[in-house]
Amino acid sequence: MAAATVASAPSEIAANSYVGFDTITTQIQHKLLKRGFQFNVMVVGQSGLGKSTLINTLFASHLIETKGRTEADIAPRATTEIHAQAHVISENGVRLKLNIVDTPGYGDLINNEGCWDPIVKYIKDQHSAYLRKELTAMRERYIPDTRIHCCLFFINPTGHTLKPIDIVVLKKLAEIVNVVPVIAKSDSLTLEERAVFKERIMAELQHSQIRLYPIDGEDLDDGEDLDDGELALNEQVRAMLPFAVVGSEQTVDIGGRPVRGRRHRWGVIDVEDERHCEFVFLRNFLTRSHLQDLIETTAQIHYETFRSKQLLALKESSAKQQQASA
């Protein structure tokens, strides 16, 4: 019996004349543009931190209304709620199907024990729904993707450090979703206070071993797929976390130039001025450099981890049933 031969790695050669398969990128782009892109983002944080305003500012559209209490006769929420809204935004021929998941009521209760459970359950439920459709014999050609690709976690700008509830929730979320922390309403801090606050937060996160997005390439099995430029970009992003942001849908005038910002007695905060806040860095990170990676990381890491656990549990359950019936 002949011994099996191990195939050697294929060598790269150049075609002697033009073939045309280099147009495959154009073909893929055409198909993707027709289908559009799906991006699901969740916002988590206490009421009054400007979650709705920041989302509207990020996507330059009025997408969601605030769900905080604005009148004295409005009853406070008894539990954390989940509100999902779907929109389609077009830009230069690209259609983005944007699903925004708000979590009103989180952290607003007298007793906040377990207030994160509905959030964790919702994220896992989306993985579970995708898995069920994936395992169906006659599954859809394109499975609707409601898995959360990014969770923006809003931190109260106290200037001190994270609250115990923040640490607990961040630990739970980081295991199942891409978490990006932001310091809300950072214009309430001076630049010096902001820098110290960010250092304290990151020291707390590192002490608690909370893994934020972008995930360090050393922690990934396929980390070698990242080139030097991508690794350097990820390092720059990690060095900037948490993003100190300001959101505003209002237009104010600065020297005859209309800008989105907030007017104070001492001057105007331009949300797109890098000297005032880090909103531009957050927007560029989410939409211009890491949008696709957020989607892929969700599918290849968080969903695959969930899928493996579920299938292993199913296999063990089936084996126990067979043993019991034998």
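**Close-up views of a predicted model**

View 1. Strand E7 (residues 251-254) and strand E8 (residues 257-264) run antiparallel and are joined by 4 bridges. Two strands pair if DSSP finds at least two bridges between them. Helices (H or I, at least four residues) and strands (E, at least two) are DSSP runs, numbered from the N terminus. Thr251 has Arg260 in E8 as its bridge partner. The hairpin has 2 residues between the strands, and Gly255 takes a positive phi near 60° there. This is a predicted model, in which local features need pLDDT of at least 70 and side-chain atom pairs count only at pLDDT 80 or more, while totals for chains, interfaces and linings use all residues. Residues are numbered from 1 along each chain as its sequence is written, and side-chain values use heavy atoms, with hydrogens and water left out.

View 2. E5 and E6 pair in the parallel sense over 2 bridges. Val182 has Phe243 in E6 as its bridge partner. Contact means heavy atoms within 4.5 Å.

**View 3. The buried side of helix H4.** In helix H4 (residues 164-174), the buried residues are Asp166, Ile167, Val169, Leu170, Leu173 and Ala174. Buried means under 20% relative accessible area, exposed over 50%, and partly exposed in between (1.4 Å probe, protein chains only). The buried residues of H4 pack against several elements, including helix H3 (117-134), strand E4 (150-155) and helix H8 (291-325).

**View 4. Aromatic pairs.** There are 4 aromatic pairs in the structure. Rings of Phe, Tyr and Trp (its six-membered ring) pair if their centres lie within 6.5 Å; planes under 30 degrees apart count as stacked, over 60 as edge-to-face and the rest as tilted. Tyr106 and Phe153 form an edge-to-face pair, 6.4 Å centre to centre with 70° between the planes. Tyr106 is in the loop between E3 and H3 and Phe153 is in strand E4, 47 residues apart. Both Tyr106 and Phe153 are buried. The pair of Tyr213 and Phe285 is tilted, because the ring centres are 5.9 Å apart and the planes are at 40°. Tyr213 counts as buried at 2% relative accessibility, and Phe285 counts as buried at 3%. Tyr213, Phe243 and Phe285 form one aromatic cluster.

**View 5. Arg147 and two tyrosine rings.** The charged end of Arg147 sits over the ring of Tyr130, 3.7 Å from its centre. Arg147 also lies over the face of Tyr303, at 4.7 Å from the ring centre. A charge sits over a ring if NZ of Lys or CZ of Arg is within 6 Å of the ring centre and within 35 degrees of the ring normal.

**View 6. Cysteine Cys115.** The structure holds 0 disulfides, a disulfide being a pair of cysteine sulfur atoms within 2.5 Å. For Cys115, the nearest cysteine sulfur is that of Cys151, 13 Å away. Cys115 counts as buried at 4% relative accessibility.
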